[in-house]
Amino acid sequence: LKDTTGRATQQRLKKLSDAGLLKRVRLLAVDGDMQGGSLPTLYFLTEAGADLLERETGRRPARVTRSDPKPFTLRHRLVAVRARLAIDQAAEAAGIVSPTWIMEQDSHGTPKATKGHSPSEFLVLHNRYQHDSHSVAFRPDAAFHIQLPHNGGFASLLGYLEADRSTEGHLQWQRKLVGIEEFLKDAKGWR
C-alpha cells in the first residue's frame, strides 16, 4: 500500500523514536516550511538504532547521532541534504549511478576529544593550511564522486558543496575563499 498522506510513515517513525532507535527533533525556528500547520520534524539514527542495523545487516551505518545539534546546525544540514537529494535525483533521471558522498560531519572512527586534540581533527572533510602566517581551513558541507559517461567509458567528477543561507558575513566568506584557494593549490587535497 502506498502512503499517500505520509501519516503511516510518521507513525512508524514515532514508534522507532519511542523505541530509542531514532532521535526526534522538532525545528522551532521555521522559514516557511511548515506543512499542514506542523513544525518540521527531523529524525536521527541513535547508537541503539545503529546497533540494531548492524546486527541485522552486518554493516554499521556511517552516520549516527552522537550529540544534540543546535537549531542553526540542523537548518544548515537540512539545506545540504536537500542539495544532495537533488543531485542524486538528477543522476537517477540521467540514468547514472548515484554519487558516493562524504558529508561535513563524517569522521574517521569515533571522534573523541582528548587533551590537546579537537574532535574536528577526525573529520574527513577538513583540510588545514597556513596562509600569510594564519591558519585557514577548507571544510565544505559535502563532497561527492560520480562516474559520468565519457567517450565510451567513464570519467570521474569530484564535486564539493557549500550551502549558503546568507547567514555568514563578508569576513567569514573571505576566510572560506582563502581556504578554498589553498585547497585548490594542494595537489594532495584532490586525492
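Are W101 and F144 buried or exposed? Both W101 and F144 are buried. Please keep in mind throughout that this is a predicted model.

Some background on the chain before I go on. The protein has 191 residues, of which 26% are buried. There are 4 helices and 7 strands. Reading from the N terminus, the order of elements is α-β-β-α-α-β-β-β-β-β-α. Of the contacts with a separation of 6 or more, 40% are between residues 24 or more positions apart.

Back to the rings. The model has 4 aromatic pairs. W101 and F144 form one of them, a tilted pair, with 4.9 Å from centre to centre and 45° between the planes. W101 belongs to strand β3, residues 100-103, and F144 to strand β6, residues 142-150, so this pair ties together parts of the chain that are 43 residues apart in sequence.

Another pair is formed by F138 and F183, and this one is stacked, at 4.0 Å centre to centre with 20° between the planes. F138 is in strand β5 and F183 is in helix α4, so to speak two distant parts of the chain, 45 residues apart.

How do β3 and β6 run relative to each other, parallel or antiparallel? They run antiparallel, joined by 4 bridges. Within that pairing, M103 stands opposite A142 of β6. β6 also pairs with β7, again in the antiparallel sense, over 9 bridges. A142 has a bridge partner in β7 as well, namely L161. Taking these together, A142 is opposite M103 and is also bridged to L161.

β6 and β7 form a hairpin, with 2 residues between the strands. N151 sits in that turn and has a positive phi of about 50°. For context, most residues other than glycine have a negative phi.

Now helix α4, which carries F183. α4 covers residues 170-185, which is 16 residues. From its first C-alpha to its last it reaches 23 Å, close to the 22 Å expected at 1.5 Å a residue.

Which residues of α4 are buried? They are V178, G179, E182 and F183. These residues lie on the same side of α4, because they cover an arc of only 140° around the axis. The general point behind this is that an α-helix has 3.6 residues a turn, so residues three or four places apart point the same way. On the other side of α4, H170 and K185 are exposed.

What do the buried residues of α4 pack against? They pack against three strands: β4, residues 127-131; β5, residues 134-138; and β7, residues 153-161.

The charged end of K176 sits over the ring of W173, 5.1 Å from its centre.

Last, a residue from another part of the chain. T46 is in the loop between β2, residues 41-45, and α2, residues 47-57. Although T46 is in a loop, it is buried, with a relative accessible area of 15%. What does T46 touch, leaving aside residues up to four places away in sequence? T46 touches G20, L21, L22, K23 and V64.

That is the end of the walk-through, and I can take questions on any of these residues.

Notes:
Residues are numbered from 1 along each chain as its sequence is written. This is a predicted model: local features need pLDDT of at least 70, side-chain atom pairs count only at pLDDT 80 or more; totals for chains, interfaces and linings use all residues. Side-chain values use heavy atoms; hydrogens and water are left out. The expected span of a helix is 1.5 Å times one less than its number of residues. Buried means under 20% relative accessible area, exposed over 50%, partly exposed in between (1.4 Å probe, protein chains only). The arc is that of the directions from the helix axis to the C-beta atoms. Contact means heavy atoms within 4.5 Å. Rings of Phe, Tyr and Trp (its six-membered ring) pair if their centres lie within 6.5 Å; planes under 30 degrees apart count as stacked, over 60 as edge-to-face and the rest as tilted. A charge sits over a ring if NZ of Lys or CZ of Arg is within 6 Å of the ring centre and within 35 degrees of the ring normal. Two strands pair if DSSP finds at least two bridges between them.
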